[in-house]
Protein chains: 2
Amino acid sequence: MPAREALASRKAGRPRVAVPRTHLVETARAVFADRGYHGTTLDRIAEQAGIRRASLLHHFGDKASLYQEVLDQVVVGLQDLIREASGARTDYPGALDALGSRIVDTLGRRPGVARLLLRELVDGGPYLEGAGGRAVQETLEFTAGFLAAGMTAGVFLRQDPRQLALTIVGLHLYYFATLDSTGSFLGAGAYSDAGIEVRKTAVLAHVRSLCLGTPAGVPDPSPALRRPRTKASSV
Amino acid sequence: MPAREALASRKAGRPRVAVPRTHLVETARAVFADRGYHGTTLDRIAEQAGIRRASLLHHFGDKASLYQEVLDQVVVGLQDLIREASGARTDYPGALDALGSRIVDTLGRRPGVARLLLRELVDGGPYLEGAGGRAVQETLEFTAGFLAAGMTAGVFLRQDPRQLALTIVGLHLYYFATLDSTGSFLGAGAYSDAGIEVRKTAVLAHVRSLCLGTPAGVPDPSPALRRPRTKASSV
DNA sequence: GTCTATAACGGGATAGAC
DNA sequence: GTCTATCCCGTTATAGAC
């Protein structure tokens with residue numbers, strides 16, 4: 001954390017240490033994810049990044065452009081992940097597990113991604129009306145197509161593939177996007193590797209049940225995560 | 001829609017038609033649901049309600065208090081619904097259907113409720129740290145308890161009841177909270193009674209599958225809602 | 001109880017020095 | 001490329017007449 005004073009005493013025009021653009025976008029992603037578009041100020045992003053608001057604007061022009069760049073990155077990242085993990089598979093149950101596993105890993109490691117995307121879907125902001133909306137639409141379409149293919153192949157249960165796609169997406173995004181609020185319901189450690197693993201086990205079983213009808217066994221949750229501790233250590 | 005001019009020409013101090021407080025809260029709910037807390041201005045709420053911003057502030061003191069009142073109402077409404085629909089039941093599968101059915105009806109009829117609640121859970125605002133947070137916690141706890149009871153009764157599949165509760169809540173809230181954005185994926189009419197019915201059928205099957213392991217049959221989605229029309233009528 | 005008018009503030013964006 | 005300083009707009013909240 002670069003201190004405020006160090007910043008103020010700096011000369012103008014001298015790059016402190018050549019803050020790379022990617023770092024700025026990452027910082028912005030974290031802050032936007034935390035507070036939403038309207039809730040975040042450029043000052044906060046700038047402060048976190050260790051520069052001034054004016055410098056931030058120099059790079060991105062305005063707040064909306066920065067936000068768009070952040071969201072673009074998130075959406076194409078997820079899109080690639082889904083295509084990659086499910087593409088070129090004939091083993092439908094295997095693809096199902098691979099997909100769920102990678103998504104839980106990604107969202108669990110970076111809860112900001114789920115928050116950012118879910119918020120945008122709820123808000124229906126201008127981003128979704130442009131290229132971003134098309135990407136989301138394509139990804140949903142792709143997912144529904146994958147499910148439909150599994151049904152015609154006779155391995156997935158016949159049902160409305162679009163409705164199924166939306167409940168699966170919802171079950172993924174909701175959990176990690178609201179983990180901060182529901183963390184006390186789960187007990188400490190929901191963000192830990194163990195917590196992510198517990199979620200992954202549950203999700204894989206749930207998705208298998210929905211698609212295959214397999215009454216999957218998830219007999220024993222990690223005892224440490226079953227009941228919240230009344231006075232558990234924070235973080 | 002009361003016209004702007006009619007408002008401006010009114011005399012001060014004379015109640016137009018005695019706008020009831022509940023109406024103000026309802027209007028505020030709709031606007032907050034649409035744009036989020038930071039995204040909504042008191043001017044917009046006031047305009048929708050047919051009064052001035054100053055009058056609005058007279059009733060509620062400040063923006064935060066109004067928001068809290070709105071959210072309180074939403075949360076206790078949902079809490080009551082869940083308790084009522086699942087309480088005093090020994091028929092677990094029946095309770096499952098009743099619960100899902102009523103929730104889909106409620107959220108489908110008023111998508112703002114899902115948006116409002118989901119946004120708050122994502123934001124983790126100050127509301128959740130007060131009485132609201134306790135209510136949410138209680139409701140989650142109640143739901144997990146219901147599922148656990150069904151498991152010990154031997155009718156629900158044994159699994160982590162907390163993880164199950166969160167995926168079910170997520171599958172409910174996500175769908176209706178993001179319907180505006182994913183509407184084009186579903187085709188026109190997602191908000192219609194027919195669209196809600198399609199969702200309800202799917203949700204009941206999904207939840208049954210998750211809890212009971214029943215490979216429920218949802219063979220035929222309404223043809224009108226299966227594929228989006230390229231040039232469908234709006235609304 | 002509703003209005004007009006205005007104060008007070010926060011935040012986005014620009015100008016220009018270095 | 002980063003800074004300081006400034007402008008300016010939107011929004012909240014208050015004061016006080018009616």
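This is a predicted model: local features need pLDDT of at least 70, side-chain atom pairs count only at pLDDT 80 or more; totals for chains, interfaces and linings use all residues.

User: How much area do chain B and chain A bury between them?
Analyst: The contact draws 52 residues from chain B and 53 residues from chain A. Of the area buried between the two chains, 63% is on carbon and sulfur atoms, and the total is about 4,700 Å².

User: Which residues of chain B lose the most area to chain A?
Analyst: Chain B and chain A bury about 4,700 Å² between them. On the side of chain B, three residues that together account for 17% of what that side buries lose the most area to chain A, namely Arg162(B), Tyr174(B) and Phe185(B).

User: Which helix gives the most to the side of chain B that touches chain A?
Analyst: Between chain B and chain A there are 15 residue pairs in polar contact, with both residues at pLDDT 80 or more. Several helices of chain B each supply at least two residues of the side that touches chain A, among them H2 (21-39), H7 (111-123) and H9 (161-177). With 13 residues, the helix that gives the most to this side is H9(B).

User: Which side chains meet in a salt bridge between chain B and chain A at 1.8 Å, N to O?
Analyst: The count between chain B and chain A is two salt bridges. The salt bridge with an N to O distance of 1.8 Å is formed by the side chains of Asp123(B) and Arg119(A).

User: Is Ser209(A) buried or exposed?
Analyst: Ser209(A) is found in helix H11 of chain A. Leaving aside neighbours within four places in sequence, Ser209(A) is in contact with Leu157(A) and Thr214(A) in chain A, and with Ser209(B) and Leu210(B) in chain B. Buried means under 20% relative accessible area, and because the relative accessibility of Ser209(A) is 4%, Ser209(A) counts as buried.

User: How many residues apart in sequence are the parts tied together by Arg115(A) and Asp34(A)?
Analyst: Arg115(A) forms a salt bridge with Asp34(A), and the closest N and O atoms are 3.0 Å apart. Arg115(A) is buried at a relative accessible area of 7%, whereas Asp34(A) counts as partly exposed at 41% relative accessibility. Since Arg115(A) lies in helix H7 of chain A and Asp34(A) in helix H2 of chain A, the pair ties together parts whose separation in sequence is 81 residues.

User: Which helix of chain B holds Arg208(B), the partner of Asp97(B)?
Analyst: The side chains of Asp97(B) and Arg208(B) meet in a salt bridge at 3.2 Å, N to O. The pair links distant parts of the chain, 111 residues apart, with Asp97(B) in helix H6 and Arg208(B) in helix H11.

User: Is Lys200(A) buried or exposed?
Analyst: Lys200(A) lies in helix H11 of chain A, residues 193-212. Leaving aside neighbours within four places in sequence, Lys200(A) is in contact with Ser101(A), Val104(A) and Asp105(A). With a relative accessibility of 11%, Lys200(A) counts as buried.

How values were computed
Residues are numbered from 1 along each chain as its sequence is written. Chains are lettered from A and ligands numbered from 1 in the order in which they are written. Side-chain values use heavy atoms; hydrogens and water are left out. Contact means heavy atoms within 4.5 Å. Buried area is the accessible area (1.4 Å probe) that two parts lose on being put together, summed over both. A salt bridge is a side-chain nitrogen of Lys or Arg within 4 Å of a carboxyl oxygen of Asp or Glu. A polar contact is a pair of N or O atoms within 3.5 Å; within protein, one must be able to donate a hydrogen and the other to accept it, and residues adjacent in sequence count only if both atoms are side-chain atoms. Helices (H or I, at least four residues) and strands (E, at least two) are DSSP runs, numbered from the N terminus. Buried means under 20% relative accessible area, exposed over 50%, partly exposed in between (1.4 Å probe, protein chains only).
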